[in-house]
Amino acid sequence: MNKARHLSLALGAIAAILVAVACQDAASPPGHITAGGSPPPKGGGGCANFRLTGGGRIDARDHNGFAKNTPESHDFATFGFQARPTSSCPPTDGSGNLEWQEHNPADFGGGFSFHGTVTFFTTTADETAGDSRCGRFGGFGRVKTRDGRTFDNVPFEVRHACDVDEPGVGNDHIAITIGVYSRHGILSGGNIQQHRLTGNN
Amino acid sequence: MAKKIPGAWAILVGGLTLLAGSAAAQSVTGKAFGTYANLAGVQSQSPVASLPSTGGMATGQTDAFSVAGAVDAQWLNAVTTGAVDNKKTGAQSTSEVENVSMAGGAITADIVTAVATSYFGQFTGGSDATGSGFTNLLVNGVAVTEDVAPNTRVDIPGLGYAILNERIPTGNGVTSWGMTVNMIHVVLQNQLGPTGEIIIGSASSSVSR
């Protein structure tokens with residue numbers, strides 16, 4: 001009886017997952033970005049005593065390698081950003097900008113361009129927490145898809161941007177979430193640098 | 001003992017002056033653009049991102065860019081960022097262009113990506129174009145399936161020639177480092193010599209201390 005009940009529950013759970021996946025696939029493509037979502041969380045990180053600049057390219061979707069994909073592959077993203085905390089902390093407000101270009105046609109909208117404005121800046125709260133080389137920031141921005149759609153007020157969060165060493169290729173790494181799109185990995189081009197809190201740039 | 005103090009102060013002040021001078025001399029440059037064309041003296045260029053010498057961020061973007069008979073391109077994005085800092089200074093520029101067709105279709109590519117990075121820390125500096133590349137590049141109708149080596153020259157019959165993945169290092173390698181990468185640089189010419197040029201995907205950066 002118990003075995004039958006457990007089997008029934010297991011089958012029910014599997015069916016529910018399949019239905020959920022089917023519904024998700026039918027309702028929205030992978031990496032669907034919802035405009036006007038809830039504000040990005042500011043909590044989980046502390047006041048940072050540094051600022052970050054960076055730009056370059058990321059082909060990976062993990063932290064296991066950094067090789068540039070083969071010349072026929074569209075599966076990569078490029079980026080540029082500057083971000084810093086405001087002069088008084090707390091609160092962990094921040095300023096700056098981020099540009100992100102996703103080229104993978106299998107991602108939302110056949111690939112997209114994103115321009116974000118930074119509203120918070122903290123130390124990291126993910127698996128890099130406690131690593132003084134990493135910062136975390138986020139805010140809102142605009143998505144323009146390759147298939148011609150535009151979404152405003154899309155929340156984004158750079159969960160970590162880490163300045164591990166010079167040069168940045170093969171060392172520095174970044175993890176970003178834009179809506180429910182995400183990519184993370186080690187840089188295949190470019191650099192991320194952590195700087196002292198001096199000057200306006 | 002007291003007589004030695006002015007000398008020590010002079011050394012200290014002199015050292016601080018040198019340090020201040022060193023800090024003041026630090027600078028970064030960054031520039032990126034998607035497309036530039038000079039056809040018989042008539043120039044056209046997509047939006048340019050130019051980094052202030054003290055650092056910051058600049059962008060230059062447009063959804064489409066066309067020069068009749070010379071170039072068609074979409075989704076041109078140019079970004080440059082950088083910062084000046086005594087301990088660590090850097091500039092990085094990125095240019096991307098999609099759906100490129102130029103010189104009457106002699107060269108096409110799905111994506112052209114240029115990345116130029118320059119940096120120095122306390123003990124080392126450098127500059128490179130790592131991350132630059134083509135996606136589905138065709139030259140004279142032939143698919144290029146391998147990464148293109150820096151400064152590869154190809155002839156374009158009837159028009160001139162192109163330098164692919166053109167890299168121009170700058171700086172002295174001691175106190176300054178820099179790199180310009182032009183992913184496609186077409187030189188148009190006739191029997192008398194050059195008549196114009198087209199550049200697709202250009203990124204530059206440099207640092208000095």
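**Two chains, one nine-stranded sheet in chain A**

Chain A carries an open sheet of nine strands, paired antiparallel, in the order S8-S7-S6-S5-S4-S3-S2-S1-S9. Bear in mind that you're looking at a predicted model. Chain B sits against chain A, with 43 residues of chain B in contact with 32 residues of chain A. Here's the rundown, by topic.

**The sheet in chain A**

- The edges of the sheet are strand S8 (181–186) and strand S9 (189–196) of chain A, each of which pairs on one side only.
- Ignoring direction, neighbouring strands in this sheet are turned by 15 degrees against each other on average.
- Strand S1 (residues 50–58) of chain A and S9(A) run antiparallel and are joined by eight bridges.

**Chain A as a whole**

- Chain A has one helix and nine strands.
- Of the 201 residues in chain A, 46% are buried.
- Take the contacts in chain A between residues at least 6 apart in sequence: 60% of them join residues at least 24 apart.

- You'll find Thr119(A) in strand S4 (residues 112–122) of chain A.
- Thr119(A) counts as partly exposed because it has 19 other C-beta atoms within 10 Å, and a buried residue needs 20 or more.
- Leaving out residues up to four places away in sequence, Thr119(A) touches Asp93(A), Gly94(A), Gly139(A) and Phe140(A).
- One of these, Asp93(A), is 26 residues away along the chain, yet its C-alpha atom and that of Thr119(A) are separated by 5.7 Å.

**Chain B as a whole**

- Chain B has one helix and 15 strands.
- Buried residues account for 47% of the 209 residues in chain B.
- For contacts in chain B between residues at least 6 apart in sequence, 58% join residues at least 24 apart.

**Where the chains meet**

- On the contact between the chains, chain B puts in 43 residues and chain A puts in 32.
- The elements of chain B giving two or more residues to its side are strand S4 (55–67), strand S5 (71–83), strand S6 (89–102), strand S7 (107–120), strand S8 (125–128) and strand S9 (133–135).
- S5(B) supplies the largest share of that side, seven residues.
- By type, the residues on chain B's side split into 11 nonpolar, 24 polar and eight charged.

**Nonpolar cores**

- The largest nonpolar core has 53 residues, and the ones with the most contacts inside it are Met102(B), Val112(B), Ile184(B), Ile198(B) and Ile200(B).
- S7(B) gives the most to this core, with nine residues.
- Zooming in on Ile198(B), and skipping residues up to four places away in sequence, you'll see it touch Ala37(B), Ala70(B), Val71(B), Met102(B), Ala103(B) and Val186(B).
- Another core lies apart from the largest one and has 36 residues, including Leu52(A), Ile58(A), Phe121(A) and Ile174(A).

Note on methods
Residues numbered from 1 in each chain as written. Chains lettered and ligands numbered in written order. Predicted model: local features only at pLDDT ≥ 70, side-chain atom pairs only at ≥ 80, totals over all residues. Contact = placed C-beta atoms within 7 Å. Helix = DSSP H or I, 4+ residues; strand = E, 2+ residues; numbered from the N terminus. Nonpolar A, V, L, I, M, F, W, Y, C, P; charged D, E, K, R; others polar. Buried ≥ 20, exposed ≤ 12 C-beta atoms within 10 Å, placed from the backbone. Core = buried A, V, L, I, M, F, W, Y, C linked by C-beta atoms within 7 Å. Pairing = 2+ DSSP bridges. Axes fitted to C-alpha atoms, helices over the stretch in contact; angles between N-to-C directions.
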